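Me: I would like to go through the labels in this structure one by one. Please set each value against its cut-off.

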Amino acid sequence: MWDYPKYGCPFKRGSKYFYLHNSGLQNQSVMYVQDSMESEAQVFLDPNKLSEDGTVALAGRSFSDDGEFFAYSLSNKGSDWVTIKRYPTGEKADGTETDLNLNQKVFRETNVKGFDSSQYQTVQVFYPSKDGTKIPMFIVHKKGIELDGSHPLYLYGYGGFNISITPSFSVSRIVFMRHLGGIIAIPNLRGGGEYGETWHQAGCFGNKQNVFDDFQYAAIYLSQQKYTSPEKITICGGSNGGLLVGACINQRPDLFGCAVSQVPVMDMLKFHKFTIGHAWTTDYGSPDKEEDFQWLIKYSPLHNIKIPENGVQYPSLLLLTADHDDRVVPLHSLKYIAQLQQCVGSYEKQFVYPAYLTSGLTAHYFIADSMGFFPGKVPHNSEILNSHDENRRGHDTGDSEIEINNDEPVSTGSRGSMWKAIVNMTSFISGVSTLALPYAVMKGGFTTLVVFLLLAILRWYTGKVMIECLYEDENEETTGSKETAESKESETDCKGQPGGDIKKRVRSVYSDLGKALLPRYGGILADTFQNFDLSILAVSYLISSGTLLNHALPVAGLSEATWASIIALVVLPSTFLKDLTCVAWQSLMGIASLVTMAGVLVWYTVSYPLDVKFEDVVFWDTEGVLIGISLVIYSYCLYSILIPVEESMEDRSKFEPALGISLALAAMFKILFSLCGFLSFSQSTDEVIGNNFPLGAPRTIVSVVYILYVIFSYALIVYPVLQSLDNSRLKDAVASFIPSFLWIATTRLLAAFLALLVAVLIPHFALLTAFVGSLVLPFLEYMGPCILHLKLKWSRLSFLQIALDGTVVLLGLLATVLGAFFSGRALITKISKYTVTL
């Protein structure tokens, strides 16, 4: 079936037309040239004549802008070192490039002799991985087969470097299905690019185990659905996919009967020390860093070989490498073979068949060795056929998007629009410490109102700076992050696209920014500060809800602590959400609640006489002003959701305007709400403004809509904290004996309990938020981003930008010291007079 003519789409360079043609079984396609689409074509470049054994291949080619010159690079025996040659297009050259050009149209349509596509069926399913994430998978087989578990199955995976595995035609797989009754299954594992950067990052660094889990659970699903059975499954992958195969047969040898690992990456502790391996730290991390080492040692195939327990047979293994491969050097395969033979080589029924090849011939020899290996070595007597260049490089995987089944969405891959980002950020930032804002005006007077405007502008700048620090230019070295600078030559492997002067996202979570700032302890400190701040924010929601309901419904006879406990139970289910895109509608409801609450307050303000004097607004009281400023700082707490919101946006270029709109809306709301609240109740303004309303409709409405806001917005508060726990070393340490669902349930319940405990013990809403706001938020929201901006971008910043960053750092330092002192002193005074009532 391979012997059929293959044509590439013609493309025009200068006044001539070029196209690629393979007569059927040629190792490399020949480039033809013709003066017009109708004229006779002549051979322009035949790479098959470059060497007698076919080991010299074209690595790249390019035409000059005017089409007068043609340059190409030659690779000898698969080496990444190339020789570049240049020819006038009027002369005959000696090589080719298999990439097709733009300016295409339908030129020829080839029918493969003996192949009838109507005899085959392709379906896309979504199966649950270990953590419950739905993973898409394409399954191809002949129509009418009976799903009884008897069919040999070929399971291919890659899962890395943002490469999308999209549908394509393969003769070898057709042979397997047609003549051996086989089934092809190709899951789109996390780590790839099928669903954007979120999907990619879910399979990188400390999340790499997700890729292995996805692959293993694909095998489980296929066995459960009776497509096949474990002993009839053959897994295959090359390069990063070879790592996948090696890790999976170590972790779950009971799921597979046979494995093919092509030019694999097996030594995850030294991969970065050879040839281009250093560029792979963008996905794997660096073994030279302690944190990265801890997750790499856990799955490194070379270091985790062991005899299977309970009499399980180690899958029969075909390991393929190449002696001139200087991308994935053969030492990976050779060391793995030696270790495998040492550990399990004498174990009953184990078999290792290493094929040590010259790279130039691997495409056909890989197939031939596979054909000779599987029928005699695999318990189910199956035969797997696939070419090296389909698996190793990822170049034939395509760039098109997979059409997602809307009935079965993939949770971590979903993207949101700009309006969803605005809704989420506006809801979050508008509601933070809302009920304490009139109290802030009462304490700080007119100064507080001015600070509302200034901090909105300042917060937009530091938010923009924070997101800028997530990215690096291609030619810019990454400082203190998990990634290292990589050459444009290696960009195809790492990004799945040609290198260019573009920005790439090298940091994904807030702790990555901390590591960039302080490589050794920055990540830990960032996570600690963030989790502390957000936990206190969750506490403040329970405190304010408890005191509001206690004052609004005195006839119930329930204490503030009891009401807080009830609200904690109500919001508990929202802590189980997996991403932020699905809570946009909740955020919208939260905004509606805030607008309603503001409307009631405005109505009350204009309906009742005001008793406010000039000196009540324009005055200076140092302690009061600093407490008021601390509350305003806390009310603009936004850093925790900036990164996940930006990451969830379909068009990330719109993040800055989305942030600006959100802050503008929030600032208007805060000023209106705080001013109306203070004007209505003047010097008697309570820490929770709802308590100032007399019993009746206004107090009831304000209480109800605020409780609704808390219910709808609580998930946004706790999401980063719980995600941090889910990605922590603690979870990794207990993963072997605590199921994922039990971990999730335990952490959510414990987080809710601890928040409730603090709310009961320290029920002082405004002063608690003011103290935390001055203690950690100036650094998290303002100082930290600017310091990091100066560190990472110093050489590219203007004097004005440097001065602005420095000014923000200085102001943040003053706010921290003075605000924490005065608000902390006031809080201690309050606590000393409080008795817990249940």
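Reply: Start with one crossing: helix 14 and helix 26 cross in a left-handed way. The term means that the near helix is turned anticlockwise from the far one by less than a right angle; clockwise would be right-handed. Helices (H or I, at least four residues) and strands (E, at least two) are DSSP runs, numbered from the N terminus. This is a predicted model: local features need pLDDT of at least 70, side-chain atom pairs count only at pLDDT 80 or more, and totals for chains, interfaces and linings use all residues. Residues are numbered from 1 along each chain as its sequence is written, and side-chain values use heavy atoms, with hydrogens and water left out.

Me: Why are helix 14 and helix 26 called oblique to each other?

Reply: Helix 14 (residues 510-517) and helix 26 (residues 777-793) pack at about 50 degrees, with axes 10 Å apart. Axes are lines fitted to C-alpha atoms, for helices over the stretch in contact, and angles run from 0 to 180 degrees between N-to-C directions. Under 35 degrees counts as roughly parallel, over 145 as roughly antiparallel, 65 to 115 as roughly perpendicular, and the rest as oblique. The two helices are therefore oblique.

Me: Which residues make the contact between helix 14 and helix 26?

Reply: Helix 14 gives Tyr 510, Leu 513, Ala 516 and Leu 517; helix 26 gives Phe 779, Leu 780, Ile 787, Leu 788 and Lys 791. Contact means heavy atoms within 4.5 Å. By class there are eight nonpolar, no polar and one charged residues. Here Ala, Val, Leu, Ile, Met, Phe, Trp, Tyr, Cys and Pro count as nonpolar, Asp, Glu, Lys and Arg as charged, and the others, Gly among them, as polar.

Me: What makes Glu 291 and Lys 515 a salt bridge?

Reply: The definition asks for a side-chain nitrogen of Lys or Arg within 4 Å of a carboxyl oxygen of Asp or Glu. Glu 291 and Lys 515 meet at 2.2 Å, N to O. Glu 291 lies in helix 6 (residues 290-299) and Lys 515 in helix 14, so the pair ties together parts 224 residues apart in sequence. The structure holds nine salt bridges.

Me: How do you know whether Lys 515 is buried or exposed?

Reply: Buried means under 20% relative accessible area, exposed over 50%, partly exposed in between (1.4 Å probe, protein chains only). Lys 515 has 11%, so Lys 515 is buried.

Me: What about the pair Glu 623 and Arg 825?

Reply: Their side chains meet at 2.6 Å, N to O, in a salt bridge. Glu 623 is in helix 19 (residues 622-635) and Arg 825 in helix 27 (residues 799-831), so parts 202 residues apart in sequence are tied together. Glu 623 has 24% and is partly exposed. Arg 825 has 41% and is partly exposed.

Me: What makes His 141 buried?

Reply: Its relative accessible area is 7%, so His 141 is buried. His 141 is in strand 10 (residues 134-142). Its contacts include Tyr 120, Met 177 and Tyr 227.

Methods: Lists of a residue's contacts leave out its neighbours within four places in sequence.
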